Amino acid sequence: MSNKNKVGELRPSQIMYSFGIGAVVDLPNMSVIVMGLDDWDTQYATPIGEERLLAKVRSQPHLQQVSHLRQAPLKPNTETFINPFDENSRVGLPVSPFPTWVLCPECRLIASLASGLFQIKVNFYRPEETHYKHTTCPRAKAPTVIPARFLAACTKGHLDDFPWMYFVHQTNTDCNGILKLEERGVSGTAADVWIRCEECGKSRSMSQSFGDLARNSMPKCRGRQPHLRNFDEDECDEQMKTILLGASNSWFAVALSALSIPKFSSELTRLIEKRWHILQNANSLETFQAIYQVLQATGQLSELYKYSQEKIWLEIEKKRNGQEQEQNVNKDLKTPEWEVFSVADKTNNNSDFQLESVAAPKNYERFFEKVVLIEKMREVRALIGFTRIESPYDYQEQEELLEWGRLSRNDPRWVPASEIRGEGIFIQFSEKALLKWEKENSLLDEYKKKNFEASSKWRQARNLPPQLDPPGWRYSLIHSFSHALMRQLAIECGYGAASLRERIYAKTPEEENGPMAGVLIYTASPDSEGTLGGLVSLGEPDKLGRHIEQALEQMRLCASDPLCAEHDPLQGNVSLHWAACHACLFSPETSCERGNKYLDRSLLIPSVKTAGLAFFVVE
């Protein structure tokens, strides 16, 4: 780590959901893996305060000791140009070359970077051009090598270089022959790619490393964790699975998010919460006074100067005494948010949260209770782990996840987080209308049975733990409505479809803290788009009513009908959606909280196959 060089750039949102810790980043001339928290420089990683989210993080396995959240290290914004040779230019996420096996495109040699055959070339002014050269290539003068396109992974979060020597020799061997990767066809498929040993002449097709053939061709997983530079202490019993470099199933984020909702009785309480990552170290009045003097000299507590030290200390004690109790009382992130939105009290507005309640959408007053315009909001997201091969969306709740990729070699004291400031529209469904729909709709009972059967078979096919009850019709209805409306709002609000995000609140009266029936559609991009005001402006009764009408009209027919409308999750490959596809209800991965599962447009409005399930039917 002493020889650090910048090799590229990532957006803050990518660090959380696309290329976080343990993910492989495919750069123009090389690929790298993002290293664990042990290698992160916290000097430029600013702490983020959000107690509700921190309490939820602490409830996860191996994370009980986490004391705070931090954003990714950012360069100090002190000048427009930073000298590429200056230390500040090297602030960022630590990465290491991976895979460590590379291919020379000229002589087709495939070998490890540790072999000494390759030399790194760094361009300080164009870091994205950093690359390795094959200096001893017999066919060209020092050509740029490319990463090997095959990797090995397992469902327990382990990742490894493809076992090239084992694969071509079909066993562990002492043969030290040179390996060549040959293309024996023009399709580029694994069947046309062969690996050959120059020493003993053995060769194999890469197609034998996939599917059922891999059982006899691939070794057991070694439990390697390249982002932590070690191997798992517990021996891994999984079979290695071959994946391609850049494959979408090579890394899935396991993340939690919470909205910053009003909960402070005074301005001083809010300021202490904001600076709690500093003030939490004050265990006594004397310690606090010493810390206060140091921070006062550096100007880090300027907002608190108007309060006396005694008053500040009393609030610190009050927060510390009530903190543990508060964390144990409610680790459910959505219930407090629902309570704030459903009441919509403007007196709780603050600098991070401003809302205003308006009437239900025009012509849809029977279906909705109210609409709340959130002109300012703050969301904090924390990365707590990752999975490979299997998406965390495959699990009903994240607590079911048994195998996470770890963020550090030891139990971390903090986890990466990002904060997003944006806007949103909260739509509350009419509980009276929902209960009436359920009571009068005779088809819902059969729908519930099929939904449960499909969910059970789907999980059984993936060796997932059985579940008592999948999300029911209420969740599917609100979820489908959310996707339909997001697609419509994206046309006019000024944000791209991937920059909108949903937050579903759905509980029946029988469930704890129920009933809930609502959806928050809000801006989800922490980067360039920010808060434009275009989304909130569409929440006025006339405009929102028009957009709901257009969204529902679009759901009547799908470009894939009648196949889409006739889709049954129990037929063919078992799925977890009904009448839904990419042409009608599916949304970008960043927008949906369930991975495009539990969707059915026939719950919204009559389709070409089903007419009796629709909720939005005008009497």
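Which residues is Phe 368 in contact with, leaving aside its neighbours within four places in sequence? In this predicted model, they are Ala 360, Pro 361, Ile 427, Gln 428, Phe 429, Ser 430, Phe 481, Ile 548 and Phe 616. The chain has 619 residues, of which 52% are buried, and its secondary structure comes to 13 helices and 24 strands. Among contacts with a separation of 6 or more, 69% join residues 24 or more positions apart.

**Confidence**

- The mean pLDDT of the chain is 85, and 90% of the residues reach 70 or more.
- Over residues 324–330 the pLDDT stays under 50, and the model has six contacts beyond four places in sequence for this segment.

**Nonpolar cores**

- The largest nonpolar core has 58 residues, and those touching the most other members are Phe 368, Ile 427, Phe 429, Phe 481, Leu 604, Phe 615 and Phe 616.
- Strands S21 (368–387), S22 (414–429), S23 (500–507) and S24 (516–523) each give two or more residues to this core, as do helices H10 (431–440), H11 (444–461), H12 (473–492) and H13 (541–556).
- Helix H12 gives the most to this core, contributing ten residues.

**Aromatic pairs and clusters**

- The structure holds 30 aromatic pairs.
- One of these is formed by Phe 150 and Phe 162, whose rings are tilted at 55° between the planes and lie 6.3 Å centre to centre.
- This pair links distant parts of the chain, twelve residues apart: Phe 150 belongs to strand S11 (residues 150–153), whereas Phe 162 is in the loop between strand S12 (159–161) and helix H3 (164–169).
- Phe 162 also pairs with Trp 164 in a tilted arrangement, at 4.6 Å centre to centre and 55° between the planes.
- Phe 150 and Phe 162 are both buried; Phe 162 counts as buried because its relative accessibility is 2%, and Trp 164 is buried with a relative accessible area of 1%.
- Ring pairs also link Tyr 364, Phe 367, Phe 368, Phe 429, Trp 437, Trp 473, Phe 481, Phe 615 and Phe 616 into a cluster.
- Phe 368, Phe 429, Phe 481, Phe 615 and Phe 616 of this cluster are also among the residues that touch the most other members of the largest core.

**Charges over rings**

- The charged end of Arg 204 sits over the ring of Phe 167, at 4.7 Å from the ring centre.
- Lys 334 lies over the face of Tyr 505, 5.8 Å from the centre of that ring.

**Surroundings of Ser 31**

- Ser 31 is located in strand S2 (residues 31–34) and is buried, with a relative accessible area of 3%.
- A polar atom of the Ser 31 side chain lies 2.4 Å from the backbone oxygen of Phe 98.
- Not counting residues up to four places away in sequence, Ser 31 touches Val 24, Val 25, Asp 26, Pro 97, Phe 98, Pro 99, Pro 147 and Leu 245.

**Helix H2**

- Helix H2 (residues 51–58) is largely enclosed by the rest of the structure, because eight of its eight residues are buried.

Definitions and conventions
Residues numbered from 1 in each chain as written. Predicted model: local features only at pLDDT ≥ 70, side-chain atom pairs only at ≥ 80, totals over all residues. Heavy atoms only, no water. Core = buried A, V, L, I, M, F, W, Y, C linked by side-chain atoms within 4.5 Å. Buried < 20%, exposed > 50% of the residue type's maximum accessible area, 1.4 Å probe, protein only. Helix = DSSP H or I, 4+ residues; strand = E, 2+ residues; numbered from the N terminus. Contact = heavy atoms within 4.5 Å. pLDDT = per-residue confidence, 0-100. Phe/Tyr/Trp six-rings, centres within 6.5 Å; stacked < 30°, edge-to-face > 60°. Lys NZ or Arg CZ within 6 Å of the ring centre and 35° of its normal. Polar contact = N/O pair within 3.5 Å; in protein donor to acceptor, adjacent residues only side chain to side chain.
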